[in-house]
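Okay, thanks for coming, everyone. Have a look at the structure on the screen, and then I'll talk about charged pairs and packing.

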Amino acid sequence: MNQLAAFSGESGIETSFEGFVIAGGYLSATEIGRARKASQETGSGLVAAIRNLGLMPGRDLARAVAAYYKLPTVTENEWPKASILGDALSPRYLREHKILPLVADDVRLVVAAADPGNTAAIEAIRLAVGRTIELRVAAADDIDAAIDRFKSAEDAQQVSSGRSENTVADGDDDIEHLKDLALGAPVVQFVNQLLVSAMHMRATDIHIEPFRGRLTIRYRVDGMMIEGPAGAAQMARAIVSRVKILSGLDIAERRLPQDGRASIRIEGRGLDVRVATMPTIHGEAVAIRLLENVRQVLNPAKLGIAPRDEQLLRKYLAAPHGLMIVTGPTGSGKTTTLAAALTILNEPHRKILTIEDPIEYQIEGVNQAQANPDIGFGFANALRHFLRHDPDVIMVGEMRDAETARIAVHAALTGHLVLTTLHTNSAAGAVTRLLDMGVDGYLMASCLTCVIGQRLVRVLCTNCREQVVEPIDFPLEILERAGLSGPVAHWRARGCERCNGIGYAGRTSIVEVLEMNDEIRQLTRPSVSTWQVEEAAARAGMRTMALDGLEKCCAGITTPDEVRRVTLALSG
């Protein structure tokens, strides 16, 4: 009997679990209703639906499940050092059903399961190994992390050992032979595992880098590079060729950089993959950007925008015209914020046009165009054509030059809502940058409504963070403005199995919203400094990114080290 059958009424287990979590105060009846609906729509069990909807933290859900089934819980400290019965149990099957073998002997197998009610999967494992099964309960994320770790180590060892007959000599230019290797099982499995590991690590990029005698694999997770299991140096060209085949690139061209992209599916999830190759002295290096296809609504509140700032954002998005700018360096989440704004605006009565380079989020109902300067379709040229298509909202991926800035301002002045980005260090810097780009101050004062400055900081792992009461290492002037001078309760990172010892899991934004007012409008002249604009905005109530970040430190979301890294280092 599987969980879907249990849920549909053939057993009372799932219904009883519903009553248990409601009676125990774990979830409300409304939340259980949402989980029940998701379970019916996806065919997953109720426990999986609760987990997928994020209604309970993973460890709390595991404790509730263990209490209901009267089973002990286990944590990553009790994991085996290597996979158990790996020859009989598929990692894919274990991951799908969130089950991890812990201990095996001749007559029994102890397993950790996220949902002991998944009797069909547990019975299948019993039949496969021919042993009795003893159950424990563990969080699904912990089980996934352990399976990933075992699988990555085994795949790296498989590719690097016993495959000498498939290696490519340094001077071998046989493209057909290289293609055969790239399509061979060891290389295909290795590249597939790279993508699976990247997805489960929440990596945005995979870097494949050949050096003398080794092939380095690195992932960018939460903005930081993390080294993964190394590949076999002799297989480097075959691995690179496999990536090229996936993205439609020429495997015979190794002297010039190439760019490509592809849409793939990893464990049922759609990913857009963007690939860039670059020749180096030891071979071709590859950077793979993973852009998960957006299926859900982007919620500004989930991006880390404070309620007060979100209210301002929605206020100006509701306006029929004007210019809104998001500022920050590359990788600060500007595109994601704009995508969230477009999602708010995306209603049938509005026509929305975007020009982007590249298109990172595909939003149903929005007309999105890819910039292509090589054929004369850049931002400025696209904007001119957009104005002939009767849009209500225009999004420009970036104001890169004076011409684009002037056309965007003109569009905002003629009754369109224009959203765009600028590379400046602060929200106030957008005013001086537009003046430097030749936009007349009186025109800017007439159309600019607000500027959002932002950075991304890493979010503390809730499993291992620890609270401390001590002075925060930050400039005294900022601490006094935040009311945080002297010893203050805040949090710091430790590192555990779940977060791979980093202490952080995920990222959020720290934000400042500069709202145009009469004082700032009077300052829009060529002689104004960024400092003057920022002081005027502060007098009007703007909370800077540093203050927003310190507030998140005290709330246990991030650490002073993170806020200092992304604000003080980029100030000035």
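So, a salt bridge here is a side-chain nitrogen of Lys or Arg within 4 Å of a carboxyl oxygen of Asp or Glu. Going by that, Asp 105, Arg 108, Glu 134 and Arg 136 are linked in a network. Keep in mind that this is a predicted model.

The count of salt bridges comes to 30. Take Arg 59 and Asp 142: their closest N and O atoms are 2.9 Å apart. Arg 59 sits in helix H5 and Asp 142 in helix H8, so the pair ties together parts 83 residues apart in sequence. And both of them are buried.

Staying in helix H5, Asp 60 and Arg 63 are three residues apart, about one turn, and their side chains form a salt bridge at 2.4 Å, N to O. Buried or exposed? Asp 60 is partly exposed, at 30% relative accessible area, and Arg 63 is partly exposed too, at 48%.

Then there's Glu 284 with Lys 244, at 2.8 Å, N to O. That one ties strand E9 to helix H11, across 40 residues of sequence. Glu 284 is buried at 10%, and Lys 244 is buried at 1%.

Now the packing. The largest nonpolar core has 43 residues, and Leu 323, Ile 325 and Leu 434 are among those with the most contacts inside it. Its largest share, six residues, comes from helix H15. Apart from that core lies another, of 32 residues, including Ala 198 and Ile 208.

Ile 208 also turns up among the contacts of Thr 216, which is in strand E5 and buried at 6%.

Key. Residues numbered from 1 in each chain as written. Predicted model: local features only at pLDDT ≥ 70, side-chain atom pairs only at ≥ 80, totals over all residues. Heavy atoms only, no water. Core = buried A, V, L, I, M, F, W, Y, C linked by side-chain atoms within 4.5 Å. Buried < 20%, exposed > 50% of the residue type's maximum accessible area, 1.4 Å probe, protein only. Helix = DSSP H or I, 4+ residues; strand = E, 2+ residues; numbered from the N terminus. Contact = heavy atoms within 4.5 Å. Lists of a residue's contacts leave out its neighbours within four places in sequence.
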